[in-house]
Amino acid sequence: MSEHGPDLVVAGAGGGLIAALRAAQLGLDVLVVEASEHFLRGNNTSMCTAMVPGVNSRFQREQGIEDSVDLFAGDVERKTKGTGDQRLARALAGVSGELVEWMADEVGLEMSVMTDMHYPGHSVDRCHTIPERHGTALIDHLARKARSHPNIDILLPARLTDVELDADGRVCAAVVTDPSGNEERIETSAVLLATNGYGADKALVAEYMPEIAAAIYHGSETSRGDALRIGEKLGAATAFLDAYQGHGALAAKGATLLGWATIMHGAIMLDTTGHRFAKETSGYSEFGHYLAGRPGATGWVVYDRRVHDLCEPFTDFRQTVESGAEVWAEDAASLAAVTGLPEDAVVEELAESARAARGEIEDRFGREYEAPLEPPYAAVRVVPALFHTQGGLVVDGSARVVDADDRPIPGLYASGGAAAGISGHGAGGYLAGNGLLPAFGLAYLAATAVAETLDAAGAGAS
Ligand SMILES: Cc1cc2nc3c(=O)[nH]c(=O)nc-3n(C[C@H](O)[C@H](O)[C@H](O)COP(=O)(O)OP(=O)(O)OC[C@H]3O[C@@H](n4cnc5c(N)ncnc54)[C@H](O)[C@@H]3O)c2cc1C
């Protein structure tokens with residue numbers, strides 16, 4: 001570390017670790033400050049399914065998948081009904097192919113593009129993942145790499161509580177506070193706010209997204225809105241504060257994620273009246289509040305042996321099965337008995353959806369099916385959940401935090417849940433990957449921008 005402090009302070013060891021590793025690779029000295037000692041099993045990156053969109057990556061090309069920034073931007077436009085931030089969507093799409101290749105080549109993760117399941121809203125398969133398909137393996141690897149890199153120091157538990165600007169309005173210091181309240185001022189010219197959003201702040205959730213406020217919060221307990229408060233104090237613009245990732249398939253029994261692969265492979269969702277209530281393939285995020293609005297705010301995902309077997313590659317799904325949340329029944333009537341749902345409705349819905357899946361009738365919600373469900377049937381009781389918030393500080397295509405006139409605040413960067421994302425308003429604009437793409441993509445862009453700024457300053461000084 002130089003006598004003037006680190007070149008970059010990264011607040012938050014989730015997606016922020018991508019910035020630390022990228023900046024270190026570019027020769028910068030990095031200090032990561034992390035609020036929680038338990039971040040490896042507590043932050044959102046550790047909880048996730050590890051699906052990272054990568055547009056036009058070599059992994060896609062090897063599979064013959066043609067993708068482009070325009071195609072991705074069009075998907076965002078459609079899913080958000082025209083409200084998603086196109087500047088950011090294009091910047092993230094533009095860097096995402098390079099990002100997933102860098103994660104493989106420089107970070108050493110075993111990346112591949114997932115082709116055995118098609119996420120709703122993506123025109124082509126572009127979600128890249130690791131064999132475990134789980135965030136614990138991802139964060140463990142990133143943290144191991146960061147801890148062993150000579151250019152990276154990690155300070156924890158240490159909560160970023162303030163960022164100071166000099167007389168010219170440039171970042172000059174980060175202030176961190178330990179759990180005993182001791183403050184430390186760290187000189188630096190660049191701070192990345194990678195502290196996630198405000199999902200754990202009940203008052204902000206109730207204010208901005210009341211439709212999901214009563215649901216289970218299944219995200220990091222340290223998402224306390226710190227970036228929002230620090231950024232606003234420094235004059236940052238904010239946007240999309242009502243945006244969030246919800247989910248409609250958290251298993252009620254053990255609060256594990258059943259996962260939407262069940263649905264995409266052909267499962268249906270019934271509410272407590274035994275009836276389907278919406279087009280399941282529209283997306284898992286909006287299904288959070290759809291389910292929240294049904295009687296008792298709960299329902300059952302019903303599938304069969306074929307779907308069960310196809311979901312086995314997902315750690316979350318296996319954990320749900322291991323928790324004992326899955327029940328089996330020989331036929332529709334027994335399924336009604338084992339779930340406690342009205343028999344007539346269950347028999348009718350299974351028969352009707354099978355007819356729609358065989359192409360004999362139009363599905364009444366307009367969905368498509370991979371295949372009809374066949375007995376025996378499995379079912380898991382699910383509840384709605386809030387996973388993380390998607391609104392925050394407005395950033396440009398280099399992850400620089402901007403003010404209300406779109407002027408960057410020099411030295412201040414934001415990524416992931418700290419930044420306003422690309423999901424437009426509410427829950428319905430969320431495309432699979434819209435969490436990790438801004439978390440990893442903006443972190444990667446921020447590190448690159450800091451290195452370029454320091455290079456330019458160095459060149460100017462020489
Ligand atoms: C079950 C589940 C599955 C998901 N699956 C996917 C998926 O497959 N693909 C996808 O794109 N998204 C997914 N998401 C969303 C994704 O996990 C998040 O969008 C992403 O991980 C956010 O990254 P982040 O870096 O912003 O936050 P985090 O990973 O939460 O990291 C923020 C870190 O900052 C620390 N921190 C907080 N405040 C401070 C402070 N003041 N100072 C210092 N440190 C601080 C926290 O302790 C934390 O470690 C999923 C979410 C859940 C819950």
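How far apart are the end C-alpha atoms of helix 14, and what should its 15 residues span? Hold that thought for a moment.

Quick housekeeping, everyone. What we have here is a predicted model, where local features need pLDDT of at least 70 and side-chain atom pairs count only at pLDDT 80 or more, while totals for chains, interfaces and linings use all residues. Residues are numbered from 1 along each chain as its sequence is written, and side-chain values use heavy atoms, with hydrogens and water left out.

Okay, back to helix 14, residues 343–357. At 1.5 Å a residue, it should span 21 Å, and its end C-alpha atoms are 21 Å apart, so the two agree. That expected span is 1.5 Å times one less than the number of residues. By the way, helices (H or I, at least four residues) and strands (E, at least two) are DSSP runs, numbered from the N terminus.

The buried residues include Ala345, Val346, Glu349 and Leu350. Among the elements covering them are helix 13 (332–339) and strand 17, where covering goes by contact, that is, heavy atoms within 4.5 Å. After the helix comes glycine 359, with a positive phi near 80°.

Now follow strand 17 to the ligand. Strand 17 (377–389) is one of the elements that each supply at least two residues of the shell around the ligand. Helix 2 gives the largest share, three residues. In total, 37 residues surround the ligand, each with a heavy atom within 4 Å of it. Glu34, Thr45, Thr222, Asp226 and Leu436 are the closest.

Who makes polar pairs with it? I mean N or O atoms within 3.5 Å. A backbone N or O atom of leucine 436 is 2.6 Å from a ligand oxygen, and one of glycine 417 is 2.9 Å from a ligand oxygen. Histidine 388 uses an N or O atom of its side chain, at 3.3 Å from a ligand oxygen. Taken alone, the ligand exposes 1,000 Å², and the protein buries 99% of that; those areas come from the Shrake-Rupley method.

Let me finish on histidine 388, which sits in strand 17. Buried or exposed? Its relative accessibility is 8%, so histidine 388 counts as buried. Its side chain also makes a polar contact with the side chain of glutamine 390, at 2.9 Å. Beyond its neighbours within four places in sequence, histidine 388 is in contact with residues including Asn44, Tyr244 and Gly435.

Technical notes
Polar contact = N/O pair within 3.5 Å; in protein donor to acceptor, adjacent residues only side chain to side chain. Areas by Shrake-Rupley, 256 points an atom, 1.4 Å probe, with all protein chains shown as cover. Buried < 20%, exposed > 50% of the residue type's maximum accessible area, 1.4 Å probe, protein only.
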